[in-house]
Amino acid sequence: MDRRSFLKTSALGGTAAAATTLAAPVYAQGKKTLTMVTSWPRGFAVLDDAATYLNNMVNEMSDGTLTIDKKAPGELVGAFEVFDAVSSGQADMYHSADYYFIGQHPAYAYYTAVPFGGTAQELTNWYHHGGGHDLHNELGEIFNLKSFLAGNSGSQSGGWFRNEIGSAADFNGLKFRMPGLGGKVLGKLGASVQNIPGGELYQALSSGALDGLEWVGPFADERAGFQEVAKVYYTAGFHEPGSGLACAVNLDVFNELSPAHQKIIEYATMATTHIQLAETLANNGAALSRLQQQGVKTMQFSDDVWDAFGAASSEVMDENMDDDLFARTRESFEASLTSSAEWLSKSDAFYVEQRERVRNKG
């Protein structure tokens with residue numbers, strides 16, 4: 001795909017294209033400031049935490065010579081408009097979840113999560129040691145972006161529901177929020193799938209505009225207040241077993257930075273991924289206990305529902321195989337998963353099973 005053609009035809013590019021002048025890094029007394037648009041309302045647990053940490057790390061690592069002006073949704077562009085704003089040059093960089101942008105290219109799903117995909121560790125393995133970052137950059141070049149993983153919220157919950165899910169048929173007609181390829185899977189099961197920005201989810205669920213939704217996990221979900229309007233919580237989901245976040249810099253802007261500033265951005269994104277995942281996992285257990293104390297019923301989907309997820313997921317993934325870059329990304333990702341699982345299934349997974357058996361014995 002030619003990125004200049006994309007910029008002329010992008011459905012989301014209207015705001016950026018309408019700008020009379022394009023944004024550029026601000027230079028003052030030897031300092032550079034990059035405008036970063038995000039998909040997260042200020043103060044959102046986990047997600048805005050990651051964007052804020054990235055912001056602070058870049059400032060501190062550069063000793064103030066490279067700073068970021070972080071914008072929440074609506075301050076410059078909307079939550080789902082950040083991709084086009086940076087691609088076109090209206091903003092310098094974004095922090096978001098790349099699966100929001102599968103409309104631009106389906107391979108972007110891999111840099112957040114795909115159905116029955118990798119855990120947080122497996123995603124990182126592939127990204128840094130299995131060719132994932134190179135493919136991310138190849139994809140980004142189509143849209144004038146330099147891309148990095150910049151966060152991971154771990155395995156995401158199956159979601160909040162007003163009523164229990166007894167079978168896959170219960171998804172038929174359900175108004176449910178789920179982005180990415182996972183949302184397309186639920187669409188195969190008959191759900192009315194909607195992609196609504198995080199800042200609008202509480203109102204949509206409480207008003208009945210949604211029958212259910214998935215967000216992140218107990219720590220972030222509790223902060224969002226979903227337990228106030230829904231009481232059925234499925235704790236494991238098929239759609240995001242290790243949800244990466246991404247930072248992308250306008251490629252022209254990135255290439256104008258000094259090598260030192262380029263490396264600062266790269267290593268700040270790595271640190272953000274590590275710290276954010278630890279924050280999430282450190283807080284989910286206690287948050288889940290608090291949710292249960294507020295009357296939330298935690299559940300798991302039945303095996304036959306999981307089987308329905310699996311069958312629909314295969315259909316969705318295969319539908320994109322006529323795109324060469326998607327096909328190569330999928331092949332690379334799945335080869336890395338196979339390699340990772342060969343060891344993890346015989347080490348970490350078995351160890352945790354035995355550890356808990358011994359700890360709880362007697």
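**Figure 1. Trp40, a buried residue of this predicted model.** Trp40 has a relative accessible area of 1%, which places the residue among those counted as buried, because that term applies under 20%. Trp40 sits in the loop that runs between strand E2 (31-38) and helix H3 (47-61).

**Figure 2. The aromatic pair of Trp40 and Tyr100.** A search of the whole structure finds 32 aromatic pairs. Tyr100 belongs to the loop between strand E4 (93-96) and helix H5 (120-129), whereas Trp40 belongs to the loop between E2 and H3, so the pair ties together parts that are 60 residues apart in sequence. Tyr100 is buried, with a relative accessible area of 11%.

**Figure 3. The aromatic pair of Phe116 and Trp306.** The rings of Phe116 and Trp306 are arranged edge-to-face, with 6.0 Å from centre to centre and 75° between the planes. Because Phe116 lies in the loop between E4 and H5 while Trp306 lies in helix H12 (residues 303-318), this pair ties together parts that are 190 residues apart in sequence. Phe116 is partly exposed, with a relative accessible area of 40%, and Trp306 also counts as partly exposed, at 24% relative accessibility.

**Figure 4. An aromatic cluster that includes Trp40 and Tyr100.** Trp40 and Tyr100 belong to one aromatic cluster together with Phe80, Phe83, Tyr94, Tyr99, Phe101, Tyr108 and Phe143.

Notes:
Residues numbered from 1 in each chain as written. Predicted model: local features only at pLDDT ≥ 70, side-chain atom pairs only at ≥ 80, totals over all residues. Heavy atoms only, no water. Phe/Tyr/Trp six-rings, centres within 6.5 Å; stacked < 30°, edge-to-face > 60°. Helix = DSSP H or I, 4+ residues; strand = E, 2+ residues; numbered from the N terminus. Buried < 20%, exposed > 50% of the residue type's maximum accessible area, 1.4 Å probe, protein only.
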